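I opened this model to look up its sheet, its helix packing and its charged pairs. My notes follow in the order I checked things.

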Amino acid sequence: MMNPKILIVDDQADNLDAIVRFIEEDNSPYELLQALNGKVALKIVEEEIPDLIITDWEMPGMDGIELIKKLKQDENTAEIPVIMCTGVMTTSENLLTALKAGAVDYIRKPIDKIELIARVKSMLELSNSRKVLK
């Protein structure tokens, strides 16, 4: 996979900047896309088809769960892995809700850089392996 595209969705600019900074500091050849809410994210997904999406849960207009459900309903975007990233919805029940909606992983805020990078790399590897098998 050449220069995988990662879409990062968070309504808080500080959180968005932190995730971008952590990923950029890894020096991997990713193309990073950003959206401040779910509606903007959907528009970006239609144009760019990212290889991975990292989304916040609580956002105005369209939250992360709604975004995931919309992605999973479209055959063009259903296979994109989504990591839910949240600081508020952190219980086991919340994790289950995110996974049932279609998230493949879950990161709690405040974000740990090493955990984020490990999950990004493993999700991209799994996604690429799945594409190769198909």
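**Notebook: charged pairs, sheet, helices and loops**

I began at glutamate 79, which counts as partly exposed at 41% relative accessibility. My scale for this: buried is under 20% relative accessible area, exposed is over 50%, and partly exposed is in between, with a 1.4 Å probe and protein chains only. The model is predicted, so I note its limits: local features need pLDDT of at least 70, side-chain atom pairs count only at pLDDT 80 or more, and totals for chains, interfaces and linings use all residues. Residues are numbered from 1 along each chain as its sequence is written, and side-chain values use heavy atoms, with hydrogens and water left out.

**Entry 1: salt bridges**

I asked which residue pairs with glutamate 79. Arginine 130 does, in a salt bridge whose closest N and O atoms are 3.0 Å apart. The term means a side-chain nitrogen of Lys or Arg within 4 Å of a carboxyl oxygen of Asp or Glu. Arginine 130 lies in helix H5 and glutamate 79 in the loop between H3 and strand E4 (82-86), so this pair ties together parts 51 residues apart in sequence. I use DSSP runs throughout: helices are H or I with at least four residues, strands are E with at least two, and both are numbered from the N terminus. Arginine 130 is partly exposed too, at 48% relative accessibility.

I then searched the whole structure and found 10 salt bridges. One of them joins lysine 113 to glutamate 25, with the closest N and O atoms 2.8 Å apart. Lysine 113 sits in helix H5 (residues 113-133) and glutamate 25 in helix H1 (residues 13-25), so the pair links parts 88 residues apart in sequence. Lysine 113 is partly exposed at 32%. Glutamate 25 is partly exposed at 40%.

Next I looked at aspartate 105 and arginine 119, whose side chains meet in a salt bridge at 2.4 Å, N to O. Aspartate 105 belongs to strand E5 (residues 105-108) and arginine 119 to helix H5, so the parts tied together are 14 residues apart in sequence. Is aspartate 105 buried or exposed? It is buried, with a relative accessible area of 15%. Arginine 119 is partly exposed at 23%.

I also noted a network of salt bridges that links Asp10, Asp56 and Lys109.

**Entry 2: the sheet**

I traced the strand order next. Five strands form an open sheet, E2-E1-E3-E4-E5, with parallel pairing. Two strands pair if DSSP finds at least two bridges between them. Strand E2 (31-35) and E5 are the edge strands, each pairing on one side only. The twist averages 20 degrees from one strand to the next.

I checked one pair in detail. Strand E1 (residues 5-9) and E2 pair in the parallel sense over 5 bridges. Leucine 7 stands opposite leucine 33 in E2.

**Entry 3: helix packing**

H1 lies across E1, E2, strand E3 (52-56) and E4, and runs at about 175 degrees to E2. Axes here are lines fitted to C-alpha atoms, for helices over the stretch in contact, and angles run from 0 to 180 degrees between N-to-C directions.

How do the axes of H3 and H4 cross? Helix H3 (residues 64-73) and helix H4 (residues 92-101) have axes that come within 9 Å and cross at roughly 25 degrees. The two are therefore roughly parallel to each other, a label for angles under 35 degrees. Ile65, Ile68, Lys69 and Lys72 of H3 make the contact with Thr97, Ala98 and Ala101 of H4. Contact means heavy atoms within 4.5 Å.

**Entry 4: loops and backbone**

I found a cis peptide bond from lysine 109 to proline 110, with omega near 0 degrees. Proline 110 is in the loop between E5 and H5.

I looked for positive phi outside glycine. Asparagine 27 has a phi of about 60 degrees. Its place is the loop between H1 and E2, and asparagine 27 is exposed at 69%. Isoleucine 49 has phi near 45 degrees. Isoleucine 49 is in the loop between helix H2 (38-48) and E3 and is partly exposed at 38%.

Last, I looked up threonine 90, in the loop between E4 and H4. Threonine 90 touches Tyr106 and Arg108, not counting residues up to four places away in sequence.

Note on methods: Angles under 35 degrees count as roughly parallel, over 145 as roughly antiparallel, 65 to 115 as roughly perpendicular and the rest as oblique.
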